[in-house]
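Please have the viewer open as you read.

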There are 2 protein chains.
Amino acid sequence: MKNPSIPKGTRDFTSKEVSQRNFIFDTIKSIFHIFGYQQIETPAMENLSTLLGKYGQEGDKLLFKILNSGNFLENITDDDFSQDNSLKISNKIAEKGLRYDLTVPFARFVVMNRDKIVFPFKRFQIQPVWRADRPQRGRYREFYQCDVDVIGSNSLMNEAELIQIIDNVYKQLKINVLIKINNRKILTGIAEIIGAKDKIIDITVAIDKTEKIGIEKVIIELLDKGIDNQSIEKLKPILMLSGSNTEKLTSLRNILKNSQIGLIGIEEIQTIFDYLDNLQLTTNIELDLTLARGLNYYTGAIFEVKALDVEIGSVTGGGRYDNLTGIFGLEGVSGVGISFGADRIYDVLNQLNLFPQLSDNQTIILFTCFGEQEQKFALSWADILRKQGISAEIFPDVAKIKKQMAYADSKQIPFVAIVGENEIQQDKVMLKNMRTGEQQLVTKEEMILKIK
Amino acid sequence: MKNPSIPKGTRDFTSKEVSQRNFIFDTIKSIFHIFGYQQIETPAMENLSTLLGKYGQEGDKLLFKILNSGNFLENITDDDFSQDNSLKISNKIAEKGLRYDLTVPFARFVVMNRDKIVFPFKRFQIQPVWRADRPQRGRYREFYQCDVDVIGSNSLMNEAELIQIIDNVYKQLKINVLIKINNRKILTGIAEIIGAKDKIIDITVAIDKTEKIGIEKVIIELLDKGIDNQSIEKLKPILMLSGSNTEKLTSLRNILKNSQIGLIGIEEIQTIFDYLDNLQLTTNIELDLTLARGLNYYTGAIFEVKALDVEIGSVTGGGRYDNLTGIFGLEGVSGVGISFGADRIYDVLNQLNLFPQLSDNQTIILFTCFGEQEQKFALSWADILRKQGISAEIFPDVAKIKKQMAYADSKQIPFVAIVGENEIQQDKVMLKNMRTGEQQLVTKEEMILKIK
C-alpha cells in the first residue's frame, strides 16, 4: 500500500509540535495544581446510552459510533434493513461511541464513583474528544479539551478562583485576553421582565449571536421565534447597556427590580467582583449581557475568554450548572467549571510567535562517530553526562562530519563533541559550541562545567 | 438514566491513579529524553486501509471500527445484506478504526513525513491503543503503550542504548527485571541447520511457547506443523543450551558453523555485549534462544523483559525490523525499537508497593472557611502562597471544622491554616501540621518558611 493518509480532520504531531503542545498542557496543569485541582481520566469510549441525548439532536449526529465486534448484523431484521433507516440500524449495531466532550463523562464519573469521592470535588481533565464535524480551518475531528470543575459546592468563591485561574494561565502564556462574564439568572430575569418567560432558551440562543451577526439580525430571529415587538423593544436597551461593570450593574438593578431571580443574578456577579477586588488580576473582566453560550445547562455564572491580539473565537468558556449529575440519577449537586481550548491556544501562540525557542527536552550534546573505537569511547562519556541528567546522543553510524553536523543543526543541539584518535589518546574531546562556533579540547570535568 | 456504566475492558482513573500512572510515564519520558529521543503523536483514528492486514487475521478481528457518519447504508445492496457477511458489510460501512498499536501508525507517520524527518529518526510515542480482546485480569480494551524506536540506522549501538534505557527505567522504578535477548538470524540459522528452512515461522512461533507450555508440547506442535523427527532431534540440544552467555555463544558458533546467517546473528549479539561491557548495567541480560515473540517483522535482535518479583508476563519487548515502512512504499529503512507496557508496570509497582507515598501535585495547605470575611482574608493569603508556587486551597463553603479537617485528611494535605476573627485582627493564621498535630500562630513570612 503506497501513499498512506490519515482520516480528514485528524493530525499527526511532529516532535516540535508535541513539545509546543506540552508547553500549553504543562502550564495549564501546573496552575490547576496550584489551586488544588486534581487530575482524573475517563475512557475514550463511552456507552452510547451515556452520550445520546446529552448534546441535542445536532450533537447526536456528530458522535463517532463504534461498530459492535463479531457478527454485529445478528440483530438486524430484513425489515429493519428495508426501511433504510440509518439511525435505527446504527443503534442496533453500535453500542459504544467516542467521547464528545469531557463534561458528560465527568458527570458519569462522579455518579459512578460517588462513594469514593470527598466533596467538594475539585477535578481537572485533559484529554482528546472526537466530533464528526465538517473539518475546516481551526476545527478538527480530534481535539483536546482541558476542563477544570468543582462539584458539590455552592460558594461563589469557586467562580472567583476560576477567574483567577484564567488570569494566571494567560499571564503565564503571555496572551492578552478579555474575560466576559454573565449570569443565567439575569437572562431569566430579563425574560421575565419583558414577559417572554417561556422563551428564555430562544432568547439566549439568539442574543448569544449578537456580536457575530449584529443586533438587527438577532431581532429578526427573535420575531421569527414568536417574540412580539413590544417585548423586543423592552429587550433592546438591556442589550445595549454600556459603561463600567459597576454602572451596568447599577442600571440593571433598576431595570430588573421586579424580577427576584434577576436580582439574585446581579448579586451573584457583585459577590464575585467583591472576591476579586483584593487580588490584582492582570486581565480585564467585562460584564456582557449578550453572553449566553447557547448551552442549556448553565444556571448561574457564564464565562467566556477572548484573545485580544488575534482574530479567533473564544479560547476558554464555562459556567455554573446546578444539576449536571441529575441526568445520571444523582440530584442536587451543584458545580462550576471552565474549559480551555488547547488547539485554539496553540494557534494563538503560533500566530503571535510566543512559543519558547528551546524546549526543556532538547538534546544538549551530540558525540560524533568516525569508527567503532570512537563510538565506544563516546558511549562511556555520554553515560557520565546522562547520569548527571544531561541529554546526550551519539551519532549511531559512521558518516561524514558534514552529515553529522547537519543532524545536530536540524535537532538544534547546542554542543557537538568531536571524537578522533587523538582525543581518545588524551582522554579528551573537542567540544564545539554550535552557536558561537568556538572549539576547545576538554576533559570530562571541563565538559560538564561548560555544558551546565 | 440511572446507574450509568462504562464499556467492559475500559477504566476510569481516579486522581490517585492518574498521579501514579503519570509517575510511570514521567519516569519513562525523562529517560527517553536523556537519550535524545523525541516525542510524536498520531491520531486515535486511522484509516482501516492503514490498519487491516498488518496484525494477521486475528488482529483484523480485534480492530475497533468506526461507523461512517451520515447515511452509512447507502453503499449496501440488498444482496450484500442477504449474504449476512459481517466482514464484507463492515468494510462498506466503516472506513476508520482505532489505533491497535503504535508501530504501524509510526511507520505510516515516517512515510508521510519522510521529507521533514532527518534520519536517523529517534522518536518515542506514549498513547493509548484499543483492542477488542476478551477482557480479563490485567488485559484491557484500552491501554497505553510507550514505544521508543530509532529508524534509519543499522548500527548495533542502538540496540545497546535501548538495553541501557531498559536498565535505567527499571532501576529508577526500583523494579528488578531480567532482560532476555535473542536474534532472529540465529533462529533462521537454526532452521537452516536442521533442514527446515521454509518452516522458520512455524518454528519460531512454537519455540516462543517453550517456557509457557514446556518442551514436550512444543515438540508435539512442531510435529503437527510437519517438521520431521530428525529435524526435531537436531533442534532439541539447541533449545536446551545452558551456561553463561559467553558459553552459549561459543557452543552456538560451533553448532551454526555451516550457516552464514546464523553466524551473523551470533556476531550481532556479541557486538551488542561488547558495547555494553563498559557501561556497568544493573540488570542481568540473558541470551535466550527460545525467545521469538511470535512477531514476523523482527529481522535482527529480539528483546523481552520480565519482572522478577511478580508473576506477570513480559513488561517490555521489541526488536529490530528491516523493512517496517516497506508496507507503505518506503523500502530499505531499518529500525529497532522497544515498547514498555505501562499497565503491566502499574500492576507490578502496585503489588510491590513501590509507588511514592506523596505525589508532587499534592495540595500543601488548606485554609478553613467559617464565613465570608474569613474567606476573603484566606483568599489573599492563598494568593501569596500560590505566587510562590505553593499549592493552596480554601475550603469553599462554611462548614463545621470536623468536615473541613476530614477533607484535608482525605486529600492528604499536610498543613491546615485555621482562620477566625482573632487571626484576622492580628493578620496571622493558626497553622496546624497535620502529621504532628502541632499548632502555631504565624505571620505570612513564618508560614512560608514553615511550609517550605
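Let us begin with a loop: A:Asp427 sits between helix H18 (421-426) and strand S15 (429-433) of chain A. This is a predicted model, and in it the phi of A:Asp427 is near 55°, a positive value in a residue other than glycine. With a relative accessible area of 37%, A:Asp427 is partly exposed.

Is B:Asn353 buried or exposed? Its relative accessibility is 62%, so B:Asn353 counts as exposed.

Such angles deserve a look because most residues other than glycine have a negative phi, and most peptide bonds are trans. On the peptide-bond side, a cis bond joins A:Phe119 and A:Pro120, with omega about -5°. A:Pro120 belongs to the loop between helix H6 (103-112) and strand S5 (121-130) of chain A. In chain B, B:Phe119 and B:Pro120 are likewise joined by a cis peptide bond, with omega about -5°, and B:Pro120 lies in the loop between helix H6 (103-112) and strand S5 (121-130) of that chain.

**How the chains relate**

Chain A superposes on chain B by a rotation of 180° with 0.0 Å of shift along the axis, at an RMSD of 0.0 Å. That is the relation of a two-fold axis. Both copies use the same surface, as 99% of the contact residues of chain A recur in chain B. Which residue of chain A comes closest to the rotation axis? A:Ile66 does, with its C-alpha at 2.3 Å.

**Cavities**

Rolling a probe the size of a water molecule over the atoms shows where empty space is left. The whole structure holds 4 cavities of 30 Å³ or more, and the largest cavity has about 80 Å³ of space. Among the residues lining the largest cavity are A:Phe72, A:Ile89, B:Phe72 and B:Ile89. Helix H5 (86-93) of chain A and helix H5 (86-93) of chain B are the elements that give two or more residues to this lining. The lining divides into 12 nonpolar residues, no polar and no charged.

A:Ala307 is in strand S9 (residues 301-307) of chain A. Setting aside residues up to four places away in sequence, A:Ala307 touches A:Ile175, A:Asn176, A:Val177, A:Ile312, A:Val315 and A:Val348. B:Val305 and B:Gln125 are 180 residues apart in sequence and 19 Å apart in space, C-alpha to C-alpha.

| Residue | Relative accessible area | Class |
|---|---|---|
| A:Ala307 | 9% | buried |
| B:Val305 | 0% | buried |
| B:Cys146 | 0% | buried |
| B:Cys369 | 0% | buried |

As for cysteine pairing, a search of the whole structure finds 0 disulfides over all chains.

Terms used. Residues are numbered from 1 along each chain as its sequence is written. Chains are lettered from A and ligands numbered from 1 in the order in which they are written. This is a predicted model: local features need pLDDT of at least 70, side-chain atom pairs count only at pLDDT 80 or more; totals for chains, interfaces and linings use all residues. Side-chain values use heavy atoms; hydrogens and water are left out. On a 1 Å grid over the protein atoms alone, a cavity is a set of points where a 1.4 Å probe fits but cannot get out, and a pocket is an open set with protein on both sides within 12 Å along at least five of seven lines; lining residues have an atom within 4 Å of a point. Grid points are joined across faces, edges and corners, and a volume is the space filled by probe spheres set on the points. Helices (H or I, at least four residues) and strands (E, at least two) are DSSP runs, numbered from the N terminus. Ala, Val, Leu, Ile, Met, Phe, Trp, Tyr, Cys and Pro count as nonpolar, Asp, Glu, Lys and Arg as charged, and the others, Gly among them, as polar. A disulfide is a pair of cysteine sulfur atoms within 2.5 Å. Buried means under 20% relative accessible area, exposed over 50%, partly exposed in between (1.4 Å probe, protein chains only). Copies are superposed by least squares on the C-alpha atoms of residues with pLDDT of at least 70 in both. Contact means heavy atoms within 4.5 Å.
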